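Take a walk through this structure from the inside out. Keep the sequence beside you as you read.

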Amino acid sequence: MGVVIIGTGKSLPELKVDNTHLSKMVETDNQWIIDRTGIESRHIATKETGLDLAVNSAKEAMGDLDRNSIGLVIVATVSPDMLVPSMGALVKRAMNLENAIAYDLNAACSGFIYGIWNAEALMKTHGIKRALVIGVERLSRITNWEDRGTCIIFGDGAGSAVLELKDDKTGIISSFIKNYDDISNSLTADMQYLKTPFADDEPKEQFLHMNGPQVFRFAVGAIGEAMDIVLQKAGITANDVKYYVPHQANMRIIQSAAQRMKQPIEKFQVNIQTTGNVSAASIPMALADLMKSGKVNSGDIIMMVGFGGGLSAGAILFEAV
Ligand SMILES: CC(C)(COP(=O)(O)OP(=O)(O)OC[C@H]1O[C@@H](n2cnc3c(N)ncnc32)[C@H](O)[C@@H]1OP(=O)(O)O)[C@@H](O)C(=O)NCCC(=O)NCCS
């Protein structure tokens, strides 16, 4: 019995903001951003809600599948439209997913990997036939647009995958997730709570703060560890993997992962140029691009690998159907 990915989808907001636009807002320039990150532009939500993006990507992933067959919805996000109801509950309502248990999960940029890991376990334990795992972010709402160290990196969007429990397929071959304590608070975003009459703490701004070089060093190590361990667990080598779908945080991190695994960069699905880092949505959006590219054949082994705040990291190896 295995859990297979039977559909993928993605959705981006209409507005595209290029590096030149940002160089009018903060002291930076197009070439610096391209050289240091690989990013040329990103999409920013103006009229789209996170729910719009999540539902559009989920509809694309579902196609004409029976909506009543979805038993589970997991939405990975650090930037939900609201705290209650959860994005999962909102998606369930908006898509009339009558039979779904729905909730949110926050594992920052590793969120989609954690979501798939959760879904696989629950599907196998509880006999859930189909699940929808979504990564969605409106990071533009928690970005400090005056901080050139972060505002050049992040974007908005959503990606989805439909998972199915099958008796006769392998689907997910192996998985690995891990948390590392962020002892120096290298990647944080506060909650913007109101002041209460009972506590002295001052309200904080809900901005993403990042020590770029520190996160970079963590990312290179964590992505390597995650890749090595899922391969070991599956008893295969990097050469057996047809395509890699990495978190899209920095082109140099993706290149270092390719070098470490001694794999050509062409095996890595990269869309960071036009999306930036969309946290939990990055991997499912890149996966949707790969699956729609026509390159993937049934039986191909694909690795998704990510890292992020928390700190967190993980990887999933699966066989395409
Ligand atoms: C953010 C990041 C692109 C910065 O690149 P970097 O090479 O590490 O650059 P540094 O932060 O060391 O800064 C180098 C210089 O560029 C400057 N700089 C920073 N941002 C800049 C920008 N947008 N434009 C121009 N210059 C910039 C710095 O002020 C610094 O100048 P100084 O040498 O005069 O002090 C890079 O660290 C990174 O991508 N880190 C990982 C981030 C990540 O993956 N986050 C997501 C986790 S899920």
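In which strand does methionine 303 lie? Methionine 303 belongs to strand E12, which covers residues 301-308. Bear in mind that this is a predicted model.

Is methionine 303 buried or exposed? Its relative accessible area is 0%, so methionine 303 is buried. Its neighbours come from several parts of the sequence. Leaving aside residues up to four places away in sequence, methionine 303 touches Met227, Val230, Leu231, Val241, Tyr243, Tyr244, Val245, Ile316 and Leu317. Leucine 287 and methionine 303 are 16 residues apart in sequence, and their C-alpha atoms are 9.8 Å apart in space.

Now turn to the cores. The largest nonpolar core has 33 residues. Those with the most contacts inside it are Ile116, Ala119, Met123, Leu163, Val245, Ile302 and Met304. Helix H5, residues 111-126, gives the largest share of this core, with six residues. Where does the core sit relative to the domains? Domain 1 (2-166) and domain 2 (172-319) both supply residues, so the core lies between them. Alanine 119 shows some of the packing. Not counting residues up to four places away in sequence, alanine 119 touches Leu72, Ile74, Ala131, Val133 and Leu163. A second core is separate and has 28 residues, among them Met227, Tyr244, Ala257 and Phe268.

Next come the charged side chains. The structure holds 11 salt bridges. One of them joins lysine 124 and glutamate 120, at 2.9 Å from N to O. These two residues are four apart in helix H5, so about one helical turn separates them. Lysine 124 is partly exposed, at 34% relative accessible area, whereas glutamate 120 is buried, at 11%.

Lysine 166 and glutamate 164 also meet in a salt bridge, again with 2.9 Å from N to O. Lysine 166 is partly exposed at 26%, while glutamate 164 is buried at 6%. Both residues belong to a network of salt bridges that also includes Arg130.

Lysine 195 pairs with glutamate 202, and their closest N and O atoms are 3.8 Å apart. Here lysine 195 is partly exposed, at 45%, and glutamate 202 is exposed, at 55%.

Finish on the surface. Leu83, Val84, Met191 and Tyr193 make a nonpolar patch of about 460 Å². Leucine 83 is found in the loop between strand E4 (70-76) and helix H4 (87-94). With a relative accessible area of 60%, leucine 83 is exposed.

Notes: Residues numbered from 1 in each chain as written. Predicted model: local features only at pLDDT ≥ 70, side-chain atom pairs only at ≥ 80, totals over all residues. Heavy atoms only, no water. Core = buried A, V, L, I, M, F, W, Y, C linked by side-chain atoms within 4.5 Å. Buried < 20%, exposed > 50% of the residue type's maximum accessible area, 1.4 Å probe, protein only. Domains from an automatic or database assignment. Contact = heavy atoms within 4.5 Å. Patch = residues over 30% accessible without salt bridge, like charges linked within 9 Å, V, L, I, M, F, W, Y side chains within 5 Å. Areas by Shrake-Rupley, 256 points an atom, 1.4 Å probe, with all protein chains shown as cover. Salt bridge = Lys/Arg side-chain N within 4 Å of Asp/Glu carboxyl O.
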